[in-house]
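Please walk through this structure with the explanation below, which begins with strands and then turns to side chains.

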Amino acid sequence: METSHRVHIGDSRDMEHLEDDSVELVVTSPPYPMIEMWDDLFSEISPKIRRELEAENGSAAFDLMHEELTATWEELSRVLVDGGIACINIGDATRKVGESFRVYQNHARVSTAFEELGFEPLPDLLWRKPVNSGAKFMGSGMLPPNAYVTLEHEYILVFRNGPKRRQFEAGSDRRYGAAYFWEERNKWFTDVWTDVNGEVQPLEHDALRDRSAAFPFEIPYRLINMYSVYGDTVLDPFWGTGTTTIGAMIAGRNSAGYEIETAFADVFDERIADIAKTSHEVVNERLDSHREFTGKRFVEGDPVQYEANNYDFSVMTKQEKDIQFYSVSDVTINDGGDEYVVSHEPVTSSSADIDESLQRAKIDMLSDF
């Protein structure tokens with residue numbers, strides 16, 4: 001299997017390289033309005049924003065920043081197929097502008113913009129992104145009533161492009177092969193992700209460091225597995241260091257990205273230098289976790305009843321029987337340097353792996369007594 005991954009250096013408010021209805025899934029984290037690290041970027045895009053910030057008109061600057069984001073959301077409604085999914089990772093902002101300290105509810109404004117464009121909101125997700133400081137108070141400290149809670153969560157807003165769900169042919173190989181495990185579904189499709197934490201992305205380039213707020217790999221990787229199938233294309237209109245593309249490569253999907261900073265492409269080449277090894281580790285971790293899950297059920301006398309067709313282990317439901325994992329075997333870059341072609345090979349398992357997993361599960365069970 002081969003997948004294609006293109007990186008377009010340009011403004012996502014006009015994604016001219018992408019045709020209508022050419023993308024099945026969007027996973028992105030845009031610059032957050034009213035977070036100070038993004039002030040310069042928004043001000044470069046619109047001098048009006050700089051003037052409002054200098055005049056300490058926070059509400060006006062907030063509105064103008066979201067107008068710029070909405071231009072990208074309008075493009076998403078064009079390139080995303082009917083029934084396609086858009087996942088927007090966004091955080092709210094707390095800020096003092098002039099004499100006013102308030103929260104700027106980015107998630108609410110993004111939701112309103114998508115609904116006005118005809119997207120249908122689906123249940124969203126929350127994940128914790130702890131602040132670096134050990135101090136958890138703002139405002140008046142320990143004295144009521146003028147203290148403020150610290151924002152330590154972000155939203156993953158989920159929208160469907162239109163009211164109808166995507167349709168597939170009966171028994172679609174690319175859909176059933178892309179199934180996830182029953183226990184993964186129970187973990188992933190809960191509305192609060194407590195097992196995902198923020199992470200620091202070290203960057204040598206000072207200017208890039210100031211413009212990077214990459215989300216953890218686990219976020220796009222999960223979302224890609226949750227909301228797309230093999231053969232789909234995943235778009236990130238605010239590409240940054242390419243975390244969404246890495247998730248798509250490892251998940252065996254195609255991808256496209258838009259980024260206005262050319263230097264990020266060089267950082268990306270460094271990030272994927274060991275992607276074959278990373279891919280192997282990610283897939284094996286999922287397989288090992290499933291083997292441990294089924295092994296414990298076996299020890300507890302409640303074995304899983306269905307056998308996987310491509311692996312020597314059991315699965316909980318019929319929908320999982322044709323599940324097939326792939327790992328990255330090779331990456332080539334075209335002459336223009338804007339397309340990465342990834343080769344994938346099927347991942348298999350052996351009975352020895354299962355026996356080892358069952359033995360480990362038995363040991364874990366005995367250690368509980």
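Two strands are said to pair if DSSP finds at least two bridges between them, and the strands themselves are DSSP runs of at least two residues, numbered from the N terminus. The model shown here is a predicted one, and that should be kept in mind throughout.

With that definition in hand, one can look at strand β1, residues 2-9, and strand β12, residues 254-259, which run in the parallel sense and are joined over five bridges. Within this pairing, Arg6 stands opposite Ala256 in β12. Both strands belong to an open sheet of 10 strands with mixed pairing, whose order reads β10-β6-β9-β3-β2-β11-β12-β1-β16-β15. At the edges of this sheet are β10 (192-193) and β15 (326-333), each of which pairs on one side only.

Another salt bridge joins the side chains of Lys187 and Asp195 at 3.3 Å, N to O. Here Lys187 is partly exposed, since its relative accessible area is 44%, and Asp195, at 38% relative accessibility, likewise counts as partly exposed.

Is each partner buried or partly exposed in the salt bridge between Arg297 and Asp302? The side chains of these two residues meet at 2.8 Å, N to O; Arg297 counts as buried because its relative accessibility is 17%, under the 20% limit that defines the term, whereas Asp302, with a relative accessible area of 39%, is partly exposed. Elsewhere, salt bridges that share partners join Lys187, Asp195, Glu218 and Arg222 into one network.

A last stop is Val282, which has its place in helix α11, residues 275-299. Val282 counts as buried, since its relative accessibility is 13%. Leaving aside residues up to four places away in sequence, Val282 touches Phe217, Tyr221 and Ile250. The C-alpha atom of Val282 is separated by 8.8 Å from that of Ser327, although the two residues are 45 residues apart along the chain.

Key. Residues are numbered from 1 along each chain as its sequence is written. This is a predicted model: local features need pLDDT of at least 70, side-chain atom pairs count only at pLDDT 80 or more; totals for chains, interfaces and linings use all residues. Side-chain values use heavy atoms; hydrogens and water are left out. A salt bridge is a side-chain nitrogen of Lys or Arg within 4 Å of a carboxyl oxygen of Asp or Glu. Buried means under 20% relative accessible area, exposed over 50%, partly exposed in between (1.4 Å probe, protein chains only). Helices (H or I, at least four residues) and strands (E, at least two) are DSSP runs, numbered from the N terminus. Contact means heavy atoms within 4.5 Å.
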